[in-house]
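This report describes the arrangement of a protein–DNA model, taking the strands, the chain contact and the DNA surface in turn. The sequence and structure are shown first.

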Number of protein chains: 2
Amino acid sequence: MDQLLDILKKNQLSITDGRKKILDMFLRSPGALAHADIEKNTDIAFDRVTVYRTLQTFVEKGIIHNIPTTDNSILYALCKDNCEAGQHHDNHVHFICDVCDKTICLDNVTIPEVKLPKGFKQKQMDVVVSGICDECK
Amino acid sequence: MDQLLDILKKNQLSITDGRKKILDMFLRSPGALAHADIEKNTDIAFDRVTVYRTLQTFVEKGIIHNIPTTDNSILYALCKDNCEAGQHHDNHVHFICDVCDKTICLDNVTIPEVKLPKGFKQKQMDVVVSGICDECK
DNA sequence: AATAAAATGCAATAATGTTGCAAAATTAAG
DNA sequence: CTTAATTTTGCAACATTATTGCATTTTATT
């Protein structure tokens, strides 16, 4: 049973080489990936446009979601437990390591609550913590 | 006593038209600004490059800081109380309104604490809440 | 007012993202 | 298994966004 095919089929996506390879990268990656990471991967011999469109499709289907960053890059991550169920709009804690620069999706960290001023209604919350990760300590 | 000049002088920056006008935009703006907002402002008749360099300088000096976003834009905000003291690396709560699309810096909202897994060391935390702001409710 | 230092504008270049359309691959049907 | 319909991909062109070097202008210093 291939996890790859499983995810693609569940989301009613046709099985193509591009989607398989890109999804495979996410499944193997401990952290988040930027568009550039994928494009620079020599195994991925696809056109820039295909990468853009594949990522867009994956986001729409809820296979991956994007992580806020303070630079102008977009980070994508597949969160192990939830995303396959299509619940990727749920709240997450993301950790960015200042040393190795990797972004890790901390699925099992409880997200805190925030008291907003009067009149504000919360729909989603993203928490990005930066510091030193467990491998670089 | 001009607040503008005060901020620039405190940070040992020469007083130029560009810096004055861009800083003025931040002082008048209730929310965060993107590079594009500044460039499109007809009062700002400066070269793109100047805007980039001015923003970079302001960030380095701690006059403004940038806010994580899930799209590929960089948002900058001057946070009313802290930034002048150069403490802009402190933790903030940012609110992005889904309706009017403005980003607001909630300085007086207490930032929550997060328990990280073993081995992770937290240095900074950014919280981005999205929903409906008090003006669009 | 003259000089040193810093900031700006311009031009060129690089990097990043988007769109339309033809060719190729995948799926569905017989 | 082969064919037709649908979807995906690659290419090309284009648009937007960001960066760098250098000459010119502006600001600060004496």
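Which residue is the bridge partner of V128(A) in β6(B)? The partner of V128(A) is D126(B). The model is a predicted one, in which local features need pLDDT of at least 70 and side-chain atom pairs count only at pLDDT 80 or more, whereas totals for chains, interfaces and linings use all residues. Residues are numbered from 1 along each chain as its sequence is written, and chains are lettered from A and ligands numbered from 1 in the order in which they are written.

**The sheet across the two chains**

Helices (H or I, at least four residues) and strands (E, at least two) are DSSP runs, numbered from the N terminus. Two strands pair if DSSP finds at least two bridges between them. Strands of a sheet pair through backbone hydrogen bonds, either parallel or antiparallel.

An open sheet of six strands runs in the order β5(A)-β4(A)-β6(A)-β6(B)-β4(B)-β5(B), with mixed pairing. The edges are held by β5 (103-106) of chain A and β5 (103-106) of chain B; each has a single partner strand, so one side of each is left without a neighbour in the sheet. From one strand to the next, the twist averages 25°. For this angle and those below, axes are lines fitted to C-alpha atoms, for helices over the stretch in contact, and angles run from 0 to 180 degrees between N-to-C directions.

Strand β6 (residues 121-132) of chain A pairs with β6(B) in the antiparallel sense over 11 bridges. Within chain B, β4(B) and β6(B) pair in the parallel sense over six bridges.

| Residue | Opposite residue in β6(B) |
|---|---|
| Q122(A) | G131(B) |
| I96(B) | S130(B) |

**Contact between the chains**

Residues are in contact if their C-beta atoms, placed from the backbone, lie within 7 Å. By this criterion, 36 residues of chain B touch 37 residues of chain A. On the chain B side, β4 (92-97) and β6 (121-132) each supply at least two residues, and β6(B) gives the largest share, 12 residues.

**The surface near DNA strand D**

A residue is near a strand if its C-beta atom, placed from the backbone, lies within 6 Å of it. There are 22 residues around DNA strand D, of which T16(A), G18(A), F46(A), T50(A) and I15(B) come nearest. Two or more residues each come from α2 (17-28) and α4 (48-61) of chain A, and from α3 (35-40) and α4 (48-61) of chain B. The largest share, four residues, belongs to α4(A).

The axes of α2(A) and α4(A) come within 10 Å and cross at roughly 70°. These two helices are therefore roughly perpendicular to each other, a class that covers 65 to 115 degrees (under 35 is roughly parallel, over 145 roughly antiparallel and the rest oblique). In their contact, G18(A), R19(A) and I22(A) of α2(A) meet T50(A), V51(A) and T54(A) of α4(A).

Notes. Contact = placed C-beta atoms within 7 Å.
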